[in-house]
Each structure stands twice: as C-alpha cells, then as structure tokens.
Amino acid sequence: MDNPALLAAYEDEIDVEYSQFLVKDEGMAWLTDSNLAAPEPPLAADELLRTGVDWICVGSNAQDHTAHARLESWRGEPGRQDGWELTEDFDFTATSGRLLLDTLTTGPASVDERLTLPSPGRYRGRAYSRGRADARQALAETFDVPDGTETYLIQFWGA
C-alpha cells in the first residue's frame, strides 16, 4: 500500500444556504433528472453529509452564513485528525474528477478554482467539521453567525 501523501488541495469560503452547501463534480451538469438523486428531505441538524453520484451535500448547524471549507486529494488514506467536532467517512463517485464548492442557489464559491482528483471514478472520503456548536449558539443568541465560525475539511482517496 502507498504511503499517504497529499496530492492537491483547494480551499475557499462558501455561502451556507438553508443550512447546507455542496461539493459537486463538474460532471454533474451532464446528469439528467432520471439519474440524479438529490438529498430529500433536507439534512437534519446533526447530519454531516449525504452523497450521490457527483454530489456531496454538507450539512451546517446554522443557516445563511459563510463557512470555510478545504478539499484535499490524497494518495492513500490519510491519518485521522483530532480536534474536530464531527467526522464521517463516505463513498463518492466522480464522473470528471474536478470538484468545486457550490451553494444551493447562487452558484460556485469560485468560477475557476477546483480540486482535481487523480482520475474520474470511485473514491473513499472523510469529512470533518468544527464550529457547529458555536454557529448554532450564535444563531440562537444573535440571529447572526460570524463568517468563518464553521470550518470543514473533506478528504478524498482512491477506493
């Protein structure tokens, strides 16, 4: 087995709408309604993510704010990290291998920036989140979540 090594990374700020945001493969645009399964019903407050072909819906603990997200591509499974509130492993299929951060209604975080995986295909992944409790508390106390309160790390490696 290969020693784990970071191959590529992309990070950006992403607008959280309706308590969620998306990680999407560029190939998602070519899918039709008949083969695209969207997350229904919306994610629960304690649910970190749901996946489908070419999409990952990431659940936030608060609505309408800006979170920080980092996507990483790895050769081999990276070691688990400490210091995160919530962690979840997942399976993912990417048809193009070029991933972007996207909102539900207003478009991608960046027009040009992407995380490029080694190739299209099946991947394993791990998502981390922190700041969820702080975001929920800020929303309850002030009806406003300061930008960057929540942070997400989403890692991918070959299946």
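Biologist: What secondary structure elements are in the chain?
Modeller: This predicted model has one helix and 10 strands. Read from the N terminus, the order is β-β-β-β-β-β-β-β-β-α-β.

Biologist: Is strand β7 enclosed or open, and why?
Modeller: Strand β7, residues 98-102, is largely enclosed by the rest of the structure, because four of its five residues are buried.

Biologist: Which strands pair with β7?
Modeller: Strand β2 (residues 20-25) pairs with β7 in the antiparallel sense, over four bridges. Strand β8 (residues 115-116) also pairs with β7 in the antiparallel sense, over two bridges.

Biologist: Turning to the whole chain, what is its radius of gyration?
Modeller: The radius of gyration is 15 Å, and a compact globule of 159 residues would have a value near 15 Å, so the two agree. The C-alpha trace spans about 45 × 40 × 30 Å along its principal axes.

Biologist: How much of the chain is buried?
Modeller: Of the 159 residues, 45% count as buried. The accessible surface comes to about 8,100 Å², and 48% of that belongs to carbon and sulfur atoms.

Biologist: And what share of the contacts joins residues at least 24 apart?
Modeller: The share is 80%, counted among contacts between residues at least 6 apart in sequence.

Biologist: How many positive and negative side chains are there?
Modeller: There are 13 positive and 29 negative side chains, and the centres of the two sets lie 7 Å apart.

Conventions:
Residues are numbered from 1 along each chain as its sequence is written. This is a predicted model: local features need pLDDT of at least 70, side-chain atom pairs count only at pLDDT 80 or more; totals for chains, interfaces and linings use all residues. Side-chain values use heavy atoms; hydrogens and water are left out. Buried means under 20% relative accessible area, exposed over 50%, partly exposed in between (1.4 Å probe, protein chains only). Two strands pair if DSSP finds at least two bridges between them. The radius of gyration is taken over C-alpha atoms; the globule rule is 2.2 Å times the number of residues to the power 0.38. Contact means heavy atoms within 4.5 Å. Accessible areas come from the Shrake-Rupley method with a 1.4 Å probe; for residues, only the protein chains shown count as cover. Lys and Arg count as positive and Asp and Glu as negative; His and the chain ends are not counted. The place of a charge is taken as NZ of Lys, CZ of Arg, CG of Asp or CD of Glu.
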